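Please examine the sequence and the model below before reading the explanation.

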Amino acid sequence: MKKFSHTVNWSVLSQEELENNDLMLVKAAQEATAGSWSPYSGFSVGAALLLDDGTVVTGSNQENAAYPSGLCAERTALFAAGHAHPGKAVVALAIAARNKNGFTAQPITPCGACRQVLAETEQRGGKPIRYILYGTQGTMIIEGGTDAILPFCFGADSMK
Ligand code: THU
């Protein structure tokens with residue numbers, strides 16, 4: 001028998017402790033929540049991607065009366081970036097979310113479907129994505145790349 005383990009490291013930083021790029025991306029994610037169409041959940045999510053040339057691409061969740069037809073903020077941003085900036089690697093993703101009481105105290109993390117898209121985005125770009133997940137009580141930073149949040153991922157290599 002062989003045993004393995006998977007370790008995830010993250011840190012939680014106050015607003016004052018955030019480095020400039022991370023703070024800039026958090027602000028972009030917060031602003032992106034303004035574009036959310038979320039009449040069904042009342043939950044507005046904003047995502048901001050940093051590309052390897054410094055470009056920032058944002059997205060927000062877009063809901064639909066036919067619920068499964070909607071899309072999360074993260075994939076809205078990822079597909080917009082893939083379309084408008086093919087060939088540029090995504091190097092960081094910031095997420096912010098608010099409900100009727102304001103921005104959430106705890107950060108939210110990407111859903112499983114978004115993690116799957118993030119995994120392929122990271123593979124295409126060839127650079128680990130830095131996660132900057134905003135909450136009013138602290139911002140969570142995950143530096144391990146997408147493997148940290150989606151271990152045992154299915155990808156193109158799985159079909160070889
Ligand atoms: N949502 C996102 O946009 N991103 C996440 O990471 C989690 C959930 C959206 C989907 C739906 O519009 C609303 O939040 C409630 O699930």
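Predicted model: local features only at pLDDT ≥ 70, side-chain atom pairs only at ≥ 80, totals over all residues.

Residues are numbered from 1 along each chain as its sequence is written, and side-chain values use heavy atoms, with hydrogens and water left out.

The largest nonpolar core has 22 residues; such a core is a set of buried Ala, Val, Leu, Ile, Met, Phe, Trp, Tyr and Cys residues joined through side-chain atoms within 4.5 Å, where buried means under 20% relative accessible area (1.4 Å probe, protein chains only). The members that touch the most others are L49, L93, Y131 and I142. At least two residues of this core come from each of β2 (44–51), α2 (73–84), β4 (90–99), α3 (112–125), β6 (130–133) and β7 (139–142). A separate core of 15 residues includes V26, A29, A94 and I132.

Beyond its neighbours within four places in sequence, L93 is in contact (heavy atoms within 4.5 Å) with residues including L25, L49, L118 and Y131.

An N or O atom in the side chain of E63 is 2.5 Å from a ligand oxygen atom, and a polar side-chain atom of E74 lies 2.6 Å from an oxygen atom of the ligand. At A73, a backbone N or O atom lies 2.9 Å from a ligand oxygen. The protein covers 74% of the 380 Å² of accessible area (Shrake-Rupley method, 1.4 Å probe) that the ligand has on its own.

Notes. Buried < 20%, exposed > 50% of the residue type's maximum accessible area, 1.4 Å probe, protein only. Helix = DSSP H or I, 4+ residues; strand = E, 2+ residues; numbered from the N terminus. Polar contact = N/O pair within 3.5 Å; in protein donor to acceptor, adjacent residues only side chain to side chain.
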